[in-house]
Every structure is written in structure tokens, then in C-alpha cells.
Amino acid sequence: MAPSTDSNVKGENSQVSYKKDINTKTDRVLQNKKHANDIFDVTEYLQSEKDKEVIFATNACSKIFCQLFYRGDLYVGDLPEEEDLMNGDRSAEEKYSIFMRHRYNNSVELLLENIGHKAFQVKETSLCALMKFVAAEGKHPLQNLDLSEHYNFPRELLRTLVEHLLSENEDMSLLISRFQEFLEMDDVRYYVMSSVRDNIYRVMGRNKKAVIPVYQNNVFALLSTINVPSSEASKMKNFLVKQECKFVYYRGIEHKRAFEQMWLVFLKFKLPSNMYKKILVILHESIMPQMSDPTLLIDFLSAAYDIGGAISLLSLNGLFILIHKHNLDYPDFYKKLYSLLDPSIFHVKYRARFFHLVNIFLSSTHLPAYLVAAFVKRFARLSLTAPPTSLLILLPFICNLIRRHPSCRVLIHRPSTAEGPCDDPYVMKEEDPAQSHALESSLWEIKTLQKHYHPDVAKAAMKINDPLTEQEDDISELLELSTFELMERELKAERKTIPLEFDTATELLKSSREVLGVHFSLE
Amino acid sequence: MRQGSTSQNRGLSDKVRKSKAAPEIQKNPFEVKINRKKFDVLGRKSKHDVGLPGVSRSRAIQKRKETLLKEFRAKDKNNKFIDRRFGEYDQKITPEEKILQRFTLERQRTQDRKDMYNLNEEEELTHYGQSLAEMEKMTDVIDSDSDSEEKGLLSAELTATHFGGGGGLLRKKSAGDEDEEHKPKSRQELIEELIIKSKQEKRERQTQKEEAQELTEKLDQEWKSIQNLLAHKTPKAERKDETDKPKVLKHLRPNTEAVSEQGGEKEDDDGDEEGGEKEDDDGDEEGGEKEDDDGDEEGGEKEDDDGDEEGGEKEDDDGDEEGGEKEDDDDAEGEEEDEEGGEDADDEDADDDHCDLQSDEGSEDEDAEGAEEEQVCAEGPPAVIEEQKKAAQEAAKAELPYTFTAPESYSDLKALLQDHGSDQQCLILDRTLKCHHPSLAAGNKAKLQKLFGFLLEYVGDLATQNPPDLRTVSALIPQICGLCQMFPEAACKAVQTLLSDSGHSMEETLEVKGRAPMPDLDMLVLLKITALLFPSSDFRHPVTTPAFLYISQALTRCVVLSLEDVCKGLILCCLALEFVSLSRRFFPELLNFLLGLLHLTVSDKLCVSEILLHLIKPNELLVFYNNKHAWPVISSLLHLLCLCFRLSLIDSCLDLVKRCTSLYKDLPSFAHIFQPIRTLLLQHLPVEGYPAPIQDLHSEILDAIPEQPSQHAPLVFKKKKPIPLKLFTPKIVQILDYGKKRGNTKEEKEHERLKHKYKREFKGALREIRKDTRFLARENVYFSSFSSSE
């Protein structure tokens, strides 16, 4: 590669002379030990102002040191101080290798600094070079092998790399997504997980309980990219550093444990609210299945559930999995769910998910009638402020609930009470569904919605006029319905005749029922 | 002999039929055949239980003899002798009578021939039984002269002589008296006198006509001279129809007035017309269309660049000319009046014009008068005309042409309308609509349908430009309405696309940013127009239902960041209220939004969290108004204005709430719906700081909303009709034909029935044919034996 670039450089003008310079220096260093000092010039370029020079120098460095690793020209073992180099009684070979090892350490430091560089390309090349060093070091360990230690993974280098990746000041998500490709390798992933854990401990411990959004974002970006291979059976084959014997990280269970610990440490600390949402959205899909013991998340989930609002809604999903699959007992679950119902549920982004879950929670036919009635009545009351898309979910949902629980039919059909009109006995403000007197009430709200402006809503509300059919309505396809889709449905319907307004208009603000003209005029 | 016997038989049967009366035969058991019935069905009457075969057979034979046999005899014979002598075939007349009649006929014929040329001899003509010749001798009766009474004109004298009471006898006496006085006047003389009189009248009329002709020719000459003055052109082609005159007149008449009155304003107006006229002429003549004067009338085509269009127009006119000039003129009249309406010309002119037009075919006298008037015009000083001409040329530029090409694209329409005032834009559109009416040409429908879309786009443009030109939009409404009435489908499509586009873009911004800005003024105007064009009270409507959804979307998802947004939101609320005002349907988003707006007026934010505003809304208090701290000193006029603006917004907001309360007071959950608003108004709204009208509004709303929810009867299912028990009533099926021909469906039955009928008819026909052949064979045998025996 070098010669080809060399020839290229000759053809280029003086602007790219640095290429020529670096290339010749690189060649000289590698050709002859006499020119070892030229390496200073190369590493100098790493601190250059110009991005291109830095990138080129980084590539050269990685080339040089990989070559040196291969030749075994780097000093192995505890490194003596550079000042002591002259004093010691060493051979020239040894001196050279010590010198080169020092240069190696220097350039690693510079590269790590470059990870925090402004330009993404510099970051990327630095990262790649460092990962090459990690691989080379793994192959040709720089420490004397202990017999007790069976593996020789450059943990220290990786740890510092992770530390730089998880910057506290800068958003590194782009670089982290680049880093993802290295996480495919099992050993790298394993050591990254453990170093991330340590890192979180350290950083969060340092800033006592304070929220560090940037750092936590970076951590989240890194954590969410980590995927532990799912099945136990599949063997770990993908390694950066080939090892002879089997080590801890060969076993999947170890990976899961590391993964779990990493997440738990992360979730233990206080998080910003949008981070809660982000985590909760992916929790049930990508975190819980990869944990060896998901019940450990209960602390986090119940804390999130208590926060209220959208976060509570989102935590329902995780809680549901715990209750459903891991036999978790959650006291007052329904009471809390009941208190979650407020007008905002119709306007949040996670409306579909929420209704899906509520539908599941209330699908059991063993729930007490008072509870279901309370839910139904509350939903009905809330429906007075809901937009049509929500109403189209809500009304069939209410009908389904009444179908499932025939004892709730009194809500829409109470023939026995002979006495005439009465007040609504339902207490909206009551937190406890048992005390809300919902079963004694009727769904006058649905009756109100029969006068709704949207024809589909009015039709759905009309259903309570007659005894409900046996078959439940399927609400799953309504969940994702948006207003525009609703509009489009109306627009695309084939219509034979288009009725027109009876009175022909003569002016913009002059019709038989003018309201706009009362308040505004044309000026 | 056998033949003889058969003939005898036949004769016998005939005799039987003829001689014996029907009842007698019917009683005769040998003649009667009784059709045996298999079953006796009670109540059924059959026509055919008793048959008389002998009678019916003889009847059939007789019929064949009269028809078939005659045809058979005449077969292969081309001619035959017909004896035309009187009564030759009539057997009722006795031979003596016959002879007598023939004799008289013969005599008559000879006499006719003889009398042909001697009129008054021998033959006497009578009237009322009296001899005409005698009557003529009395001479007082004047014979009607066909010449004098042409065109049905009956002079009093004539009618008197013909119908003047009584009849010839009565008149005789008086006539006799007269005769004594004017003896010398014979009947012949009287007639002559009469003839002379009528001739004189005729001549007078003739001369009148000629005079008129002369006058018109004169007028032509004058016209040419004027034309020269006006157009600086060689005189037009010689041909000048009478029908063209009034049109020319019409244009010139105001001119004369202008000259005589020297009125400043008038001059201007007239000048316009004249200028238009003149330039038209130019255009026409340059175009080489010498004979086509209608171009003048159609007017203003000089601005029309489209050659094809013009050509087509002219062709049309020619066609009209041939068919009915009247119609053409009426059209022109209409346009003329339009124009004058626009220019505020006086009505008298229009009336006069009208007269001219009406009279152009009826009597030519008025034309002549017109010509005289024109002469006056021609006498006017040419200098004034020159001046007028210059003024007119300038004014003509401002004048609108009468026809417009239908815009093919939006930019065309824009170019067409842009530089005109709103009135003129209306006029332009009106004219475009008129000359592209779908009944005029095949492609017009599509053009106008497209025009609606462009028009909406244009309205949107007017609304978005700065400052928005809403007056023009308002002025254009009748045209938009008219188009919509013409093409509901196209209008529906156009509005739908606009709604859909806007809704889509809003959805997209919502997905990307999570919040969207309030819709722009053009959308608000479109929604308003939608409410004007389509019924918003329909349960489901292809346009208004999406419009509802659009408003709902805007009210729930759009952010209110500034006073302008508040304003837009209030407009949307007004629209929503208008949409539901008739059907009184429930619009939750409207109330939510109003509640949200009212929250903005409140200074302490504690209450906001209490009810939880799900509307995406910043809590900054935009409409905040308080005398405590927010506006301690009204420092500048701007602040004052701002304050007034806020107050007016609060006022309209409260007014809308009030309207809502009256609209929704019948809903079962009325109290629950309005409870949040009530608590807000009651507890948090800084009412004390507001002016009195707002305070009144406030208290009115509070009065309208009850503190306690009203009572309602518990819900019950709708009462259903009980399903009736099954009863064993017989199922009645109508049977059209007895027998086994019963299809399942009505069609099948009908088909079966027809098939059956056809079969029967076919069999019957076959039988008849067989009988015919048998009859003919028998006749043949009889005839041959008869001839051989002879």
C-alpha cells in the first residue's frame, strides 16, 4: 500500500507533501532501526491541526506498530522509565524495544485524545487504529504471561477506550454506532460490558446522585447497541483475539450476567425523564429477554410506575411481563392503573401501546364487577374530552368490557329501577375503584357521544341502545389510527351524490348561522 | 252424384243455420254436444260445457267461402272485370229503380257537358232558397272584392254589407231607399269606386315604403361618412343589413346626447363605448372580415389574442344571424346592459336601446327615425369626436373585454384576475362562466370544472398574501357558489384535495416535530367556504366530515405560541361552532380548546396542573391581563392596543363558551362537560379586572352552567317489538295458470305460460290450415265435377 501511495504522492502537488513525508518516514522506521527517531515526526502529525494529516498519520502509526508487534520489537513486561534507559545495562536491542514501547504508549495516548476530536473521521480512524492495537496486543501480549491468568486480553487498553467513548461532555452516539461492529465479537463485548459497568460506578459515584444527561445518553447509546446472543447453545465463535483454552466469556450465561449487571448499575442511578422513556420503550423487547433474572428490574419499574404520566404508562409493559411471566405479585396494581386514567392518555404518543395493555389487563373475566364498572365509567367520563381517533378505540373497548362482564350490563341497561331521574352516583375524584359507586351509575356519557359530530363515533355510541352482540369487537387495528387516516378514509369513500348547501352564499361572512362574522370582520 | 249430395248437404247445413233460430238449435239434442266434465268444481263456470258442432262447422265453411275461396279463385289472375254500372252489384235495388237511376245519371252527365260554357242560363243558383240572379238585380249588395280585403283587413263598410244584421231580405228594403236617393250610382260603379279606393291605399303604402328605403340609404351614406371620421378607414363594404342598423344606433345614441349636453361624466362613459366600438372595427377590417359586422357587437375582442377563439366566436354569430337575429340581439343587449350597469350609465339609454332592438324586425318606421337621429349625430362637430376618441382610447384600456378564454392553468387565472379590482374580477369571472357555459360547447364542462380548483387556489393565494385581500375573496363567493352548484362532484374533489393536502402536511410536521403550527389563513378561508358550499349538518358528508376532522386535528394538536395563534384558534372555534350549530352535534375538541384558552388568562398556574391541560400549550400567559402586576403602567400606546386586543380575544372566547352552553344544554352530560370551565371561571378568572360587558358575559355563562349535574333516568335498551309467535296460517301462493306449469319465480312462470300459449296457438293454427286445405280440395273436386258435368 505504501509504495502505491508513494507513487501517487509524486504525481501530486506540494499540498499533499505531508503524505510523502509520512510515507517515507514510515518506510524508514520499518526498514532500519537506525531511523527509529523518525517516529517522532510521524507521531507529531497526530497532533496536527489538519484533519487529513491526522488521519494519514493515524493510519501510518497503526501500520508501524502493528508491524513492530508482529516482529516482536516492542518491549514485553514492566516498562522501565524512559529516563532510566541510558543508565541501565542493556543491550542495544533491548534499548530499541523499550524506546519503541514508549513511543507506542505515547501514540496510544494521542489516539485516545483524538477520540474526542471534533471531526468524526478523525474519531473513526483513531477508534479503528486503537481496535487494531487491541487485536495486536491480544496476539502478542505486552505483559509476561502469568500462569494463573489464562487469558491475555488487553483489558486495560479497552477500558481506557471505553472511558473515552463514554464522554461526559460530548455526544458520542455516532461513534458508538460505529463501535457496534466491534461489539459483534464476543470477547470484546464481554470486556466492554465489564468496563462499562466499572465506568458507570466510577463516574456516577463521583457525581453524587446528580443527573449527567450527556454521559447517560452516551451510556444508553452504547448499552442499547449491545446484544447478547440469545440461545445458550450457540457457541461463541467470533473473537478478536484467538485463545487456546476456554475462558469465562466462552459461556453465554456469563455474558448474560455481565449484561444484567451493566444495566442494573446503569438503572440504579437517577435518570433524566426522557431517558426513562427511552429505556422503557426498549425494555421489554431488548433488555428483559437478555437478562438472566429480569425480576431484578422490579425496583426500577416500580419507581418508574410511581413517577406518573407517560412514564407510568410505559412502565406498564415491563411490569406486565414481570407479573405475567415471572410470577411477580404487585399489590394495588389495578388501583394504580385506575389512577393513571386521566385526559392525557388520549393525547400521548404511546396511546396505542397503552390501550393494548389495558385491554390485556382487563381481559380476565375473573375481575370483580365493581372494578370493571369503575374502569368503564371512568373511561366513559374521560371520553367527553377525547378526540375521535381515541373515541373509535374507546367505544368498542367499553362495549367489549361490558360483554366480558355481563354483570356490568346494568351500566347501559337498568330496567328495574322504577324511580325516575337520579343524580350520577359515580364519584370521579375517588382514587379507589371500589368506592366510586360506578356500578350504580349509567353511561350517560356514551349517550352524549351519540350526538358526536363524527359519524363513526356516533354510530359506535349508538350500539348501547340495543343489547350488545355476543361477538367482541376487534380493536387491535384501530389502535394505530391517526386523524389523517380517518380523514383519508372519509375522502376515499365513493359517494354517488354530493349534497350541496341549500342556501347559496353571497358573501364570505354572511350565512344564516354566522358566528365567525360576529367576532371577526374582513380587514 | 256424390258431389251433388255433398252440395246438397252443404246447402242443408246452410239452411239449418239460416232458418232455425239459435235457441231452437240449442234445444235440439241432436245438434248439441255436451262436453263431459271429469270433476265438478263448485263455483266454476265454464263456457264450453255445451257445444254446437253443426252450427260452428257451417259457420266456418261460410267464412272460408267468403275469404279463402275468393282468394283461391282469384289466384294467378292479374285483372278482372268490374262492372261499374250503377247498382250492378247491389242486390237491394230493384231492377226498375236501377234503370231509373241509371237514366237520371246519364241525363245529368250530358247536361253538365252542355252547361259548361253558358253560366247564367237555365241553371239557377240560389242562396237561402232564393235565386241569386234575382238578388243581384237589387244592386245594393256589394260583392266582396278579394283584392280589397287582403291581409284580413275588413273595412266597416264591408262588414256592414256582409254581416250587418238580418240577411239579404232585411237589407233589401234599406237598399231600396238608398237607391232612390242615388239613382245614378249603379252597382257596377260602386264596385269600381271600391276598387279605386283600395288601390289608392296600396299606392300610399308603397310610397311610404319607398320613402323609408330612401331614408335608410341616406342613413347608410351618413354612417359611412361617420365611420370615415371615426376610423380613418375606407368605407366599409356596401352591404348593410337593415338588422345591423339598430346595433350601430345603439352605440351612437349616447354620442348624440354627449354632443348636445356636453356633460363631462357622460362624455367619459360614452367615450368608452365608442372607443371600444371603433377599435373593434379596426380589428375586424384588418382581419379582412368585411362582411362580418357582428364582431362589432360582440365587442372588445380586440384584446383577445386567441385567434382560434375569435374565429369560433364569429362562426357562432353567423349561425345566429341565419337562424334568428332576434336572439343574437338579445344577447348583445344583455351584454350591453351589463356593461352599462358597470359604468353607471343612465337607464334611459338602456330602455331606448331596448326599443330599437325590439322594433328592428317589426316595423321599419322606427328604423327610419333612428336614421334621422343618426343624422343629428353626424352633424355634430368632428372636433369633439376627435377629442372623445382620444379619451376613449385611453379609457378603452380599462374596459374589460366581453369574452375570456377559460384559464388552462392556475397561472392563467392569476394573470387574468390579478390587476383588477374585486368588482372587475367578479365581472371577468361572470363573463368567463357565461361564454363557457357547458351548453355552448363540448369541452366547456371540463374547463369550468378545472376553473373551480384554480379559483380555490386563487382564493388561498389572496388569503396568504400580505396584507390578505379578503374583500375580494368575499366578492368572489357568488361565483364560487355558482360553479359549485354547476359541478358538485368537481367542487367536492377540489375541496377534498386541498383538505387532504393540508391535513397530510400537518400530520407530517406532527410526526417530525411532535407539534404543528396553527393552519394559515388560506385554510381558514377554505374551511369557511366549505361551510358555505356544503351542508355541515349532514350525518356523513364527503367534504364536511373531513373538514370536521381537520378542525379537530388543528384544535388538538396545534401549538398556541402567540396572540396570532390564539386568534387563529378562535377563528377555528367559530368555524367549528358554525359547523355544528344546526345539527347541535357534540364537538369535544372545541370545548377543550376554549378551556385551554381560558387557562391562559389565569395568572396562578396551580390550577392548570389540577385539570391537566393536555392541549400542547406553553404555560406562558399570553392573554394574561391583570391590574396587579403584569401591566403596572400602561406605558405606551402599543401596550394599550395590545391590552385591548387581549380583552377582545377574551371577550370572543367567553362569547363562544356562552354559545356552546346554549347549544349543548340538552346533552345528558352537559354539566360534566362544562364543569372544568365553570370551576375555572368561578375560581380563577380575574373577573374584577375586566370591563363590565365581559363581566356580564362571565356571569351569564355561570348562570347557564348548573352547579349540580342534572338528573337523568338510568339507561335502558330501546324497547323492541316483541317477535311474534309462529302461527299456522296457510301460505297463500297466487296461481296464474292452473295445471302443472308452475315455475318458481315470476319470470319463470311467465315464460312457462307464454310457452303454453304458443303451443296451443300453434296447434290451433295447424288445425286451421289442415281444414283450409281440406276445404279447398273439396271445392276443387266440386268445381271440376261441376265443370265436367256442364
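Buried means under 20% relative accessible area, exposed over 50% and partly exposed in between, with a 1.4 Å probe and protein chains only. This is a predicted model, where local features need pLDDT of at least 70 and side-chain atom pairs count only at pLDDT 80 or more, while totals for chains, interfaces and linings use all residues. Residues are numbered from 1 along each chain as its sequence is written, and side-chain values use heavy atoms, leaving out hydrogens and water.

**View 1. A patch of negative charge on the surface brings together A:E480, A:E485, B:E508 and B:E511.** Patches take residues with over 30% relative accessible area and no salt bridge, and like charges are joined within 9 Å. A salt bridge here is a side-chain nitrogen of Lys or Arg within 4 Å of a carboxyl oxygen of Asp or Glu. Look for A:E480 in the loop between α21 (455-462) and α22 (483-492) of chain A. A:E480 is exposed, with a relative accessible area of 63%.

**View 2. A patch of positive charge lies on the surface of chain B, and its members include B:R57, B:K755 and B:K771.** Helix α31 (residues 746-789) of chain B gives the largest share of this patch, 8 residues. Helices are DSSP runs (H or I, at least four residues) and strands are runs of E (at least two), numbered from the N terminus. B:K771 sits in helix α31 and is partly exposed, at 36% relative accessible area.

**View 3. Residues 354-376 and 382-402 of chain A are among the spans annotated "transmembrane region" in an unreviewed UniProt entry.** Such annotations may be inferred rather than shown by experiment. Residues 354-376 are 70% helix and 0% strand, with end C-alpha atoms 15 Å apart. Residues 382-402 are 76% helix and 0% strand, and their end C-alpha atoms are 17 Å apart.

Definitions and conventions: Chains are lettered from A and ligands numbered from 1 in the order in which they are written. Patches are made of residues with over 30% relative accessible area and no salt bridge: like charges are joined within 9 Å, nonpolar side chains (Val, Leu, Ile, Met, Phe, Trp, Tyr) within 5 Å. Accessible areas come from the Shrake-Rupley method with a 1.4 Å probe; for residues, only the protein chains shown count as cover. Lys and Arg count as positive and Asp and Glu as negative; His and the chain ends are not counted. The place of a charge is taken as NZ of Lys, CZ of Arg, CG of Asp or CD of Glu.
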